[in-house]
Each structure stands twice: as structure tokens, then as C-alpha cells.
Amino acid sequence: LQLPTHNLWYFHSYDMDQAFDQYFADPVRHRPPTCYIGFPCTKDPTWSKRYPGVSNCILISDGLYEWFTKWENTQVGQRGQDYEAFQRTIDS
């Protein structure tokens, strides 16, 4: 796949204060202001021997804890349809 061995940072705007304010006010209409992308598999010299044909990616972006407090006492995979629907709204 020729994945990069370096980390990638995405910044949506030069005005980060405005970008965060807009996104946190309406995450459906506005893109996340920042995003970190890394490929740990490219940094591990033993990866291809241990996991041939497999790669991995880490993507970290922004969100407010308050968006998820409704589900803070639930388990992954058991949060219900409203959680799935919320995820789809911020995924697009």
C-alpha cells in the first residue's frame, strides 16, 4: 500500500478558534478542525512478518465529551440505535 511512515496532521482552517467554535456548535454542518492520522504498522519492523497482508491506521479527531454522556454507562456494541444514528450524523 506504500503507507507513509510519518504521522499526518490535517488542519481545516488557519483560524482554528473559529473552526473549533463552528464545529462544536454544529458538528453536522462543519468539518472537524483537526485530524491526526498514523499508521503504526509502518513503524514496526516486525509487523509484516507477524501480520502479512494486514495494515492498520489510527485516526483521532475532535469532539465534545458532552455529545456522548448519554451513553457513558453503556458498553461498546450495546448503545442502541440512537447512538448508531448519532454516529452516522457525525461520520458524514
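**Exercise 1. Strand pairing**

Determine how strand β1 is joined to β2, and in which sense the two strands run.

*Solution.* Step 1: strand β1 (residues 8-11) and β2 run antiparallel and are joined by 4 bridges. Two strands are taken to pair if DSSP finds at least two bridges between them, and strands (E, at least two residues) and helices (H or I, at least four) are DSSP runs numbered from the N terminus. The model is a predicted one, in which local features need pLDDT of at least 70, side-chain atom pairs count only at pLDDT 80 or more, and totals for chains, interfaces and linings use all residues. Residues are numbered from 1 along each chain as its sequence is written, and side-chain values use heavy atoms, with hydrogens and water left out.

Step 1: in this pairing, leucine 8 is placed opposite isoleucine 37 of β2.

Step 2: β2 also pairs with β3, in the antiparallel sense and over 4 bridges. Here tyrosine 36 faces isoleucine 60 of β3.

Step 3: strand β2 (residues 34-38) has 4 of its 5 residues buried, so the strand is largely enclosed by the rest of the structure. Buried means under 20% relative accessible area, exposed over 50%, and partly exposed in between, with a 1.4 Å probe and protein chains only.

**Exercise 2. Overall architecture**

State in which order the elements run from the N terminus on, and explain why the protein is described as spread out or compact.

*Solution.* Step 1: the protein contains 3 helices and 3 strands. From the N terminus on, their order is β-α-β-α-β-α.

Step 1: the radius of gyration is 17 Å, whereas the globule rule gives 12 Å for 92 residues; the value is well over the rule, so the protein is more spread out than a compact globule. This radius is taken over C-alpha atoms, and the rule is 2.2 Å times the number of residues to the power 0.38.

Step 2: along the principal axes, the C-alpha atoms fill a box of roughly 45 × 40 × 20 Å.

Step 3: of the 92 residues in the protein, 16% are buried. Among contacts between residues at least 6 apart in sequence, 46% join residues at least 24 apart, where contact means heavy atoms within 4.5 Å.

**Exercise 3. The largest pocket**

Describe the largest pocket: what is its volume, and which residues are the closest to its centre?

*Solution.* Step 1: the largest pocket has a volume of about 360 Å³. On a 1 Å grid over the protein atoms alone, a pocket is an open set of points with protein on both sides within 12 Å along at least five of seven lines, and lining residues have an atom within 4 Å of a point. The volume is the space filled by probe spheres set on the points, which are joined across faces, edges and corners.

Step 1: the lining comprises 19 residues, of which Tyr23, Pro32, Ser61, Ile90 and Asp91 are the closest to the centre.

Step 2: two or more lining residues come from each of β3 (58-61) and α3 (81-91). The largest share, 4 residues, is that of α3.

Step 3: by class, the lining holds 10 nonpolar, 5 polar and 4 charged residues. Ala, Val, Leu, Ile, Met, Phe, Trp, Tyr, Cys and Pro count as nonpolar, Asp, Glu, Lys and Arg as charged, and the others, Gly among them, as polar.

**Exercise 4. Individual residues**

Step 1: asparagine 7 is located in the segment before β1 and counts as partly exposed at 35% relative accessibility.

Key:
On a 1 Å grid over the protein atoms alone, a cavity is a set of points where a 1.4 Å probe fits but cannot get out, and a pocket is an open set with protein on both sides within 12 Å along at least five of seven lines; lining residues have an atom within 4 Å of a point.
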